[in-house]
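Open the model in a viewer and keep the selection tool at hand. The stops below go in order, each with a selection and a note on what is found there.

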Amino acid sequence: MGPDPSAGRSGHRSVPHTADLRVEAWAPTREECLAQAVRGVCASFLDLTGAVGDHRRDVEVRADRDEDVLVALLDEVVYRLDTEGEVPVEVELVPVDGGVRGVLWTADAGAFPVTGAAPKAVTLHETAMTPGPGGWTCSVTLDV
């Protein structure tokens, strides 16, 4: 997996995957790559064009491996969607020892046009988060 050259230095995309959702993201920094993954997951099932977050949700996730930080962050997104009906529309992350801390600015998921199936869980299958000469890349699969 590599960045989509037509998408600029940061971005995300959904890729075909049988009966699941697979998202790839890339950015110059680890934290922006994680934020792009969150954006990619949310954009896979809702049209968030012009969305503005009206609820501040502070998050902090820590794990031994970067892949586990990615999974934990996306687990938080799925949890908020399931329990509060909220979807992150803006993501701000900073590094902390062993993870990230930041803010998810959320909005009511029911306020946006549905474009796909909502994620139900993050899988561990083929999850990757790697640094490279051009920045960071990640990929993750979610059950829908």
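Helices here are DSSP runs of H or I with at least four residues, numbered from the N terminus. The model is a predicted one.

**Stop 1: G40**

Select G40, which lies in helix 1. G40 has 3% relative accessibility and so counts as buried, the limit being under 20%. Show its surroundings, leaving aside neighbours within four places in sequence: the contacts of G40 are H12 and V23. G40 and G50 are 10 residues apart in sequence and 15 Å apart in space.

**Stop 2: the largest nonpolar core**

Select L34, L48, L70, V87, L93 and F112. In the largest nonpolar core, which has 40 residues, these six touch the most other members. Next colour the elements that give two or more residues to this core: strand 2 (20-27), helix 1 (30-43), strand 3 (55-62), helix 2 (66-84), strand 4 (86-96), strand 5 (99-108) and strand 8 (135-143). Which element gives the largest share of this core? Helix 2 does, with eight residues. As background, nonpolar side chains in soluble globular proteins tend to be buried together.

Stay in the core and centre on L48. Not counting residues up to four places away in sequence, L48 touches C42, A43, V87, P88, V89 and F112. V87 and F112 were also in the previous selection.

**Stop 3: the cysteines**

A disulfide needs two cysteine sulfur atoms within 2.5 Å. For C42, the closest cysteine sulfur is in C138 at 13 Å, so the pair is too far apart for a bond. For C138, the closest cysteine sulfur is in C33 at 3.5 Å, which is also too far for a bond because the cut-off is 2.5 Å. C42 is buried, at 1% relative accessibility. C138 is buried too, with a relative accessible area of 1%.

**Stop 4: T123**

Select T123, in the loop between strand 6 (121-122) and strand 7 (128-132). Is T123 buried or exposed? At 15% relative accessibility, T123 counts as buried. Follow its side chain to the backbone oxygen of T141, which it reaches at 2.9 Å.

Definitions and conventions:
Residues numbered from 1 in each chain as written. Predicted model: local features only at pLDDT ≥ 70, side-chain atom pairs only at ≥ 80, totals over all residues. Heavy atoms only, no water. Core = buried A, V, L, I, M, F, W, Y, C linked by side-chain atoms within 4.5 Å. Buried < 20%, exposed > 50% of the residue type's maximum accessible area, 1.4 Å probe, protein only. Contact = heavy atoms within 4.5 Å. Polar contact = N/O pair within 3.5 Å; in protein donor to acceptor, adjacent residues only side chain to side chain.
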